[in-house]
There are 2 protein chains.
Amino acid sequence: MTPSPAGLIITPCTVLTHDDQEQVGFVHDAGIVVREGVIESVISSAQAEELPAAERIDGRGQIALPGLVNCHTHAPMVALRGVAEDLPTEEWFNDVVWPIESNLTEKDVELGARLACAEMIRGGVTCFADHYFSMDAVAAVVEECGIRAHLGEAYFSSQGPQGREKSLEFALRHRGGAGGRITTALAPHAPYTVDDSDLTATALLAREHGLPVHLHAAENRDQTEASIARHGVTPIEVLRRTGILDTDVLIAHGSGILDSDLPILASASGRTAVATAPRGYLKFAWPTTTPVRALHDIGIPVGLATDGAASNNSLDVWESMALTALIQKSTTGDPRWLTSRQALHHASLQSARAVGLGEVVGSIAPGRRADIILVDLTGPHTQPVHDLAATLVHSARSSDVRTTIVDGRVLMRDRELLTIDVPSVTEELSKRLPALLDRSHGRRIQDYDT
Amino acid sequence: MTPSPAGLIITPCTVLTHDDQEQVGFVHDAGIVVREGVIESVISSAQAEELPAAERIDGRGQIALPGLVNCHTHAPMVALRGVAEDLPTEEWFNDVVWPIESNLTEKDVELGARLACAEMIRGGVTCFADHYFSMDAVAAVVEECGIRAHLGEAYFSSQGPQGREKSLEFALRHRGGAGGRITTALAPHAPYTVDDSDLTATALLAREHGLPVHLHAAENRDQTEASIARHGVTPIEVLRRTGILDTDVLIAHGSGILDSDLPILASASGRTAVATAPRGYLKFAWPTTTPVRALHDIGIPVGLATDGAASNNSLDVWESMALTALIQKSTTGDPRWLTSRQALHHASLQSARAVGLGEVVGSIAPGRRADIILVDLTGPHTQPVHDLAATLVHSARSSDVRTTIVDGRVLMRDRELLTIDVPSVTEELSKRLPALLDRSHGRRIQDYDT
């Protein structure tokens, strides 16, 4: 009996895998069989050669990795890339970004999201967690371009109860959208912009509707100190007392998490994760970074992220992976900590868990959705290969991703984007920039005052 | 009268320039005219269109920058990329790198240098300062592949006076080699491996022969503390008392430079510069980085570098530029310090000065040698452009360099290397790796004992 053709077979290639202890390893000379968007099996290339398939990709000289997950970003902010440079956090928000964002239209968000998805797909990102405004437009772009996303409509208490209601309405309406590629969250902005009663109400809604929460908290040490000075508690303690830690929560940044916060996070009854985006912390000259090792020690997954391009200047999760390894070594003073294999664990399973997809993606294993990237290591900067994990983390670059696949569908082949026309997006966006960047009105969407 | 054809004209493009205060700026819609390897003029693209040329490059959508200079590397160590991961400095040297280097043959050095030049040319590096062994082989590769280099034969006092003599002989024989593309230096390894009498003799030879000195010094805080404990002085004080600071000296790393060293450096009678390679300092978890701001304040140029790929994992000077900006902001606690324009100044004029070529390259200006790279900013990760300097430093990547030109000769066109065959180099190198990596003999070329 002839088996029915697989949808996609990638062979021959080397495959990053996780063993039953979740250790990162590599299977050489392998083939990946994908059927109906799901990884059916990882077999030898010889076996894979024999099987029929509707589509085949030659993986020679390439490494197959689970697609990267950008665990916290504001994708449409690529439109603001480079507008607010070399500024402290407060001026960045109050003098530039929040005044500009008061001009945002749904069309700006749509074009920014499309450009961001192009950048991410080219950089091997197959899923992103977005926390922004006019998210219907982002969802439409996700539907259209084929990427996976975890979306939340952001809100401030200054919007009144309508902010929270809109976030809930968005989350319920888009949950499971784009053929299951869209998952959703409630998205209060942060404890310094959303008050306790709003957070408490959010936590209740999250539990009532089975939705996770994605928010900024303890972003930096200043915020933590301001919270203690004003409220007598840290931002993490605010999350506990408002019930947010009883939900499944994704905390962006957490560089202001104190040692005293760790037992609180460890005893959270919900599934808690933190997203780290170290580039921006360096650029803002924040005094600390996400305490990845301490979070590891209490079993909290830390996913990789870029934040928005207005602060990070790129959506390059590959760079976040390398920087996380380097900055963790530096800040702990321990060159043996956060090895390349650990970095790849953050980039795969921990990032998938952070966005609530720990059983769905994050690993190239039977039953997982086929979110796969192929990385070319034949360039002079990645040769010779003595330690494949180190080559991937410390020598390879996002530009070495040749092919990006989501749900078994090829979104980039040999560096050519198949679902987004970049020149037309940049051209259309450029016409809108003068109106978007106008700050003469003196408005801002919110004040930064931790 | 028809003018004789220029050798090369690049038009239309945007050109990074320096004004008479050395401020970095950009000239748009320009053309660069190159004649006999020298930049003749930067004119309007309309004017450039009218001029005849033997060769033309279309620079549409691209930015012309002075080629990057890798101010401190050990190019052939790309052969060891990834062999010594996640180790403290001492184990890295004593247990892995120095045992392996005792196996080095001239052929290994040649192949490593060729692979390294391929990586650097692809990353927009047009000149590198190399400090290694069997440097005849490196000089031959430089001659053959068309890159520019500042070369020194490294030595330890453990080699006896022959080490120093060989370094001098190399420097004299190769000075001005490869049609002027090779400059040379005396290359004592470091104050912890070369004793005071050898350093004193080196300083005398440098002055006698008009040669600069390139060495490691005050690489990290541990070395500085060990020097004080053993000799009662810092490594910088050793350089002063041995006369090295009376020569033109390029100091690699300097992350262990103390505040008390600054007046010594400021009063050096020779031309002093420091090369910073921050990636490795993070990876080794060194507690400090090069004090770029303090060196700036006393007028000492700081060039960008990668060190060898055995510690840095890449020869990506573009990454060094971005990391220098980020790490300087972070370590000074000042987000306004080391702006993108400052980073580009380090990448251009300061790096050229660091390797003694401050009047020769480092700027796209009439009379400078035509070491030029073209950077493509049409990718989604570099759009839109609100601040061109920020786009270059914080969004662009080395893989955005499309064309690399040295002395007016195109070494890479549209990402295709024209002078190096990478697959044949990697194939030949891979056969030699088992012998190179063998550590069963128990030898090492030197002990690391600061």
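A search of the whole structure finds 60 salt bridges over all chains, a salt bridge being a side-chain nitrogen of Lys or Arg within 4 Å of a carboxyl oxygen of Asp or Glu. The model is predicted, so that local features need pLDDT of at least 70 and side-chain atom pairs count only at pLDDT 80 or more, while totals for chains, interfaces and linings use all residues. Residues are numbered from 1 along each chain as its sequence is written, chains are lettered from A in the order in which they are written, and side-chain values use heavy atoms, with hydrogens and water left out.

**View 1. A salt bridge within chain A.** A:R353 pairs with A:E22 in a salt bridge whose closest N and O atoms are 2.5 Å apart. Because A:R353 lies in helix α14 of chain A and A:E22 in the loop between β1 (6–18) and β2 (24–35) of chain A, the pair ties together parts that are 331 residues apart in sequence. Helices (H or I, at least four residues) and strands (E, at least two) are DSSP runs, numbered from the N terminus.

**View 2. Packing of α14(A) on α15(A).** Helix α14 (residues 340–354) of chain A packs against helix α15 (residues 388–395) of chain A at an angle of about 65°, with their axes 8 Å apart; axes are lines fitted to C-alpha atoms, for helices over the stretch in contact, and angles run from 0 to 180 degrees between N-to-C directions. The two helices are therefore roughly perpendicular, a term for angles of 65 to 115 degrees, whereas those under 35 count as roughly parallel, over 145 as roughly antiparallel and the rest as oblique. On the α14(A) side the contact (heavy atoms within 4.5 Å) is made by A:S340, A:R341, A:A343 and A:L344, and on the α15(A) side by A:A389, A:A390, A:L392, A:V393 and A:H394.

**View 3. Packing of α4(B) on α5(B).** In chain B, helix α4 (residues 135–145) and helix α5 (residues 161–174) pack at an angle of about 20°, their axes being 11 Å apart, and are therefore roughly parallel to each other. Here B:M135, B:D136 and B:A139 of α4(B) meet B:F170, B:R173 and B:H174 of α5(B).

**View 4. The interface of chain B and chain A.** In this interface 57 residues of chain B are in contact with 57 residues of chain A. Eight salt bridges are found across the interface, and A:E319 forms a salt bridge with B:R397, with the closest N and O atoms 3.3 Å apart.
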